[in-house]
Amino acid sequence: MIKEEFKEWNEGDIVLIGTGTGSGKSYFIRNQLSAYADEVEEEILILFNRKKLHEQNKEHIRKDNNYRIHTATYQEIEQTIIHNGSYDFSSYKYIVCDECHYFTDDSGFNHNSDISFNAIMSQVNKVKIFMSATGGSLFAFIKENQSTQKIWNYRHKKSYKHIASLNFYTSNDAVENFIQHRFRDDEKVIWFCKSAEKAAKLHAKYPDSYFLCSSSNKNKKYLKLLEEDTFTTTNGKTTFDRKYLFTTKVLDNGFDLKDEQIKLIICDEFEINSMIQCLGRKRILSDTDKVHIVLYNYSNRSINGYKSLLNDKLNEVEAFKEGGVEGRNNYVGRFAHRSNYIIYDEPSTEQKYSSHKRVSRVKHLKAENDLSIVEDMLNKNREINKLRVDNDEQKRSDAYMMYVLELMNMDRCGDLDRIYEQQELSDYLDSVVGEVILVKSERRELIDKINVRVDGHQLKSANSLNAALSERGFNYYIKEFETRRNIDGKNKKYKYAWKVMRLSDK
């Protein structure tokens, strides 16, 4: 896409490269751009958002003996500015912001991302290159707010043709059943866990595994589980030599794993950009290199909860913008103990031990973008449910599932919880075929196994249970009939006895 245009990029220009994971963004910088920089005797600074990614790229640069490229992390830039007041960019013509969605996507837990972003954007005599597969909101913000600088835009839609299957889950048992029944012992699994605690528990359960998490203070008790030789590189291909890799999103950006034996990626991340980044850690090596994807299935209730939280924080920001600290205090209650990561305390340059409240541009941008996504999810689900009702189908709480399905341009996906619940139920029904249930108290296990609920209430009639079995496609039904039994010498009539039957025997 870029071809030879990079030779026309001039001081002050902004370059946006928004192509998918594995599309050659970093390769282009380390090869074509660095060769040209060497020719014109200019220097390149590449910034990274993750320590592992930084280390991997430094190793590439060292092996290539590429002395025109210098590297750092965004966090190093921020800490230098905090302690020294500024960062020296003067040696570089090109500032490359790799995985630049860092500014927005990490802003929820990194309170300094504004510092590095503002410092980089203030370098008006540099070529600033922003690269990300998921940088859409940041790119839009830059284009809206940089009217005087020339912007070069290189983007294309990501392809998901390498995905062999897409499934969703809420129960770990369902995923573990899927792995056991679907994948061979020599096929590898990456599980991106929402927390280090969950990753550590899975690591303890499956000894043939590695564990990864960030070295932050909150993960202090898990750091002893980290191993230095988690990854090995042979002939330029980095992988791991055990069946499982249980990791947090510490590995979500830029890090390349090249191994056709990695057949399954599980991801618990809700945020769409983070999820896409996690899936991009496995690089596709050929047309036959396919990967199965399993994502956590967030309910409409949890999505609505997140929406309310975002609305609350954005309304607080508006109150602060309109009425300052007093306006914010009036909105939240003067003595309310709450945290809004969008509003932060900026140290005062005028007086020591003093600060001023500010609105973080990148945090505000991320919150607005997140709100737009969840509203889109819920609105689309409402439309889908209207169509379902029109077709005499039940409404479903599957906004997240349907949004991802459309995003990946796929026409089908699976619900692992339902698949394995149905398998378990099918096995149970088969085991009780022909057994006669005489009284209501003996129906409890069967009713609980089928578990039909409407508005939270469990339905217990044979008609309701049979309707559910039919809708789910089971080859079983409950026959309700009258029978007599000789109990303790007495001939007793049972008017509503039950018996599980096969449809084929009907």
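**Figure 1. Overview of the predicted protein chain.** The secondary structure of the protein chain comes to 15 helices and 22 strands, as seen in a model that is predicted. Along its principal axes, the C-alpha trace of the chain spans about 105 × 60 × 45 Å, and of the 506 residues in the chain, buried residues make up 49%.

**Figure 2. Close-up of strand β13 and its burial.** Strand β13 covers residues 262–267, and because six of its six residues are buried, this strand is largely enclosed by the rest of the structure. Buried here refers to a relative accessible area under 20%.

**Figure 3. Close-up of the pairing of β13 with β8 and with β14.** Strands β8 and β13 run parallel and are joined by five bridges, and within this pairing Trp191 stands opposite Ile266 in β13. Strand β13 also runs parallel to strand β14, which is made up of residues 291–296, and four bridges join these two strands; here Cys267 stands opposite Leu295 in β14.

**Figure 4. Close-up of a patch of negative charge on the surface.** The residues that gather in this patch are Asp185, Asp208, Glu228, Asp229 and Asp241. One of them, Asp185, has its place in the loop between α7 (172–182) and β8 (188–192). Asp185 counts as exposed because its relative accessibility is 70%, where the cut-off for an exposed residue is a relative accessible area over 50%.

Terms used: Residues numbered from 1 in each chain as written. Predicted model: local features only at pLDDT ≥ 70, side-chain atom pairs only at ≥ 80, totals over all residues. Heavy atoms only, no water. Patch = residues over 30% accessible without salt bridge, like charges linked within 9 Å, V, L, I, M, F, W, Y side chains within 5 Å. Areas by Shrake-Rupley, 256 points an atom, 1.4 Å probe, with all protein chains shown as cover. Salt bridge = Lys/Arg side-chain N within 4 Å of Asp/Glu carboxyl O. Lys, Arg positive; Asp, Glu negative; His and termini not counted. Charge placed at Lys NZ, Arg CZ, Asp CG, Glu CD. Buried < 20%, exposed > 50% of the residue type's maximum accessible area, 1.4 Å probe, protein only. Pairing = 2+ DSSP bridges.
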